[in-house]
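Open the model in your viewer and keep the sequence panel in view. The tour below goes from one selection to the next.

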Amino acid sequence: MTASPLLAELTAALASGAVRVVDLTNTLSATTPALRLPEPFVNLDDFSLERAAAFEPTAPMWQHNNFRMGEHVGTHIDAPIHWISGRDGLDVSQLDPARLVGPAVVLDFSAEAAENPDWVLEIDDVRAWEAEHGPLPENSWLLLRTGWDQYSHDEAQFLNADETGSHTPGISASCAKWLAEEAPLSGLGVETVGIDAGGAGAFDPPFPVHYHLLGHDKYGITSLQRLAELPATGAIIVVSPLPIVGGSGAPCRVFAFVGA
Ligand code: MN
């Protein structure tokens, strides 16, 4: 192990502002939006913070809290064992950190999603993006920008549900299969509440991003923010989930290193 000139250069770039750290994470509070499954499915607990003690005889010089939340609330990662197709795969504590840090590529379809909340990414869209920006890099994270983070302060707008279900953008079944089987990704990140489109329960297979990605040892992160601050290529993403033993997912802080 020796000192790396590359890391010295990065340190200097961070100090000078030539490289910035962008926080892609939504905050956690009682109002953080979460998935709402219909009957008869079980829903997870929202985030809650409970004061244990603060500056009182049982904690005279400090304050500290307990929190409670579902694994899949807020900005979080889906591990392979989350889905039936990946049930024999890794839990969230077993994910290789080398796969959680890598090149970020941003595909911006916010105009399309503004036009049609049920818009889905197709293979041809990725091919067109590659024609302009080059092939998806090894160990990369494909970040799908839809502008949906603008609704994350309001669960009703974020979930955009009516009597026909939730209407939020995502990825087609054929594109999900292709990304899982053909693309050199470590994972996929979205701005919406889940890695699948709002209407993906009606796709074949249902929830195809979950089915294909998690079944191919690729990971998903949701509820990302501020993808607008990232370039199409050239940023580095750092995904750091809590290493919950046996966890099907976990809240995670997600950062990007971005050139100024
Ligand atoms: Mn999840």
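In which loop does Ser 223 lie? Select Ser 223: it sits in the loop between strand 12 (219–221) and strand 13 (235–241). Keep in mind while looking that this is a predicted model.

Is Ser 223 buried or exposed? Its relative accessibility is 3%, and since buried means under 20%, Ser 223 counts as buried. Now show its surroundings. Apart from neighbours within four places in sequence, Ser 223 is in contact with residues including Leu 24, Asn 26 and Phe 158. Gly 74 and Thr 75 are also among its contacts, as are Val 190, Glu 191, Thr 192 and Val 193.

Finally, select helix 1, residues 5–16. Its 12 residues should span 16 Å at 1.5 Å a residue, and the end C-alpha atoms are 16 Å apart, so the two agree. Of these residues the number buried is one, so helix 1 lies largely in the open.

Look at both ends of helix 1. At the start, a side-chain oxygen of Ser 4 reaches to within 3.1 Å of the backbone nitrogen of Leu 6. Just after the helix, Gly 17 takes a positive phi of about 90°.

Definitions and conventions. Residues numbered from 1 in each chain as written. Predicted model: local features only at pLDDT ≥ 70, side-chain atom pairs only at ≥ 80, totals over all residues. Heavy atoms only, no water. Helix = DSSP H or I, 4+ residues; strand = E, 2+ residues; numbered from the N terminus. Buried < 20%, exposed > 50% of the residue type's maximum accessible area, 1.4 Å probe, protein only. Contact = heavy atoms within 4.5 Å. Expected span 1.5 Å × (residues − 1). Polar contact = N/O pair within 3.5 Å; in protein donor to acceptor, adjacent residues only side chain to side chain.
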